[in-house]
Amino acid sequence: MRYNEKELRALSRQPAEMAAELGMRGPKKGSVVKRRLVKLVVNFLFYFRTDEAEPLGALLLERCRVSQEEPSAFSISFLEDPERKYHFECCGQEQCQAWVEALRRARWGSDSLEVMSICGKASSSTGMRSRR
């Protein structure tokens, strides 16, 4: 799916399932941990400078892996490019576990929507309806 910048900005302003200031390190070699406001909206993880309203970027949580790296740190990597890994540091183990669970639910939700969409397209093109 493609999204334009205006759509992403509008989505970033929607109510978040979770939001917190976390330490974040990007995938570039030599990247350092920076404090970022991180906000989960549907299946996008937006990240902001702590003093700005516009997002610096967004991660689409499709085809990704969420891993708890340490008691208070987790990472997000992408199946197409496992080397592209984002690291996040939380204030404690409880906060980290909450983020990991929420991100996994958001990732699962996007996968299930994709499957339902494919099934719907298949049934409409064949004229068959799925049994539920």
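1. A hairpin joins strand E6 to strand E7 through two residues; helices (H or I, at least four residues) and strands (E, at least two) are DSSP runs, numbered from the N terminus. The model is predicted, so local features need pLDDT of at least 70 and side-chain atom pairs count only at pLDDT 80 or more, while totals for chains, interfaces and linings use all residues. Residues are numbered from 1 along each chain as its sequence is written, and side-chain values use heavy atoms, with hydrogens and water left out.

2. The sheet is open and has seven strands, in the order E4-E3-E2-E1-E7-E6-E5, with antiparallel pairing. Two strands are taken to pair if DSSP finds at least two bridges between them. The edges are held by E4 (57-60) and E5, each of which has a single partner strand, so one side of each lacks a neighbour in the sheet. On average, neighbouring strands are turned by 35° against each other, direction ignored. Axes here are lines fitted to C-alpha atoms, for helices over the stretch in contact, and angles run from 0 to 180 degrees between N-to-C directions.

3. Strand E6 is paired on both sides. Six bridges join E6 to E7 in the antiparallel sense, and six bridges likewise connect E5 and E6, also antiparallel. E5 and E6 form a hairpin with two residues between them. Among the individual partners, Phe-74 is bridged to Phe-88 in E7, Phe-78 to Asp-81 in E7, and Ser-67 stands opposite Ser-75 in E6.

4. How many of the six residues of E6 are buried? Six of the six are, so E6 is largely enclosed by the rest of the structure. Buried means under 20% relative accessible area, exposed over 50%, and partly exposed in between (1.4 Å probe, protein chains only). In a regular strand the side chains alternate between the two faces of the sheet. In E6 both faces are covered, with Ala-73, Ser-75 and Ser-77 buried on one side and Phe-74, Ile-76 and Phe-78 buried on the other.

5. Ser-75 deserves a separate comment. This residue of E6 is buried, with a relative accessible area of 1%. Its side chain makes a polar contact of 2.6 Å with that of Glu-69. A polar contact is a pair of N or O atoms within 3.5 Å; within protein, one must be able to donate a hydrogen and the other to accept it, and residues adjacent in sequence count only if both atoms are side-chain atoms. Not counting residues up to four places away in sequence, Ser-75 touches Arg-65, Val-66, Ser-67, Glu-69, Lys-85, Tyr-86 and His-87 (contact: heavy atoms within 4.5 Å).

6. The largest nonpolar core has 24 residues, and those with the most contacts inside it include Leu-45, Phe-74, Ile-76 and Phe-88. Such a core is a set of buried Ala, Val, Leu, Ile, Met, Phe, Trp, Tyr and Cys residues joined through side-chain atoms within 4.5 Å. Its largest share, six residues, comes from helix H2. Leaving aside neighbours within four places in sequence, the contacts of Leu-45 include Ile-76, Phe-88, Trp-99 and Leu-103.

7. The structure holds zero disulfides (pairs of cysteine sulfur atoms within 2.5 Å). Cys-90 is buried at 11% relative accessible area, and Cys-96 is buried at 0%.
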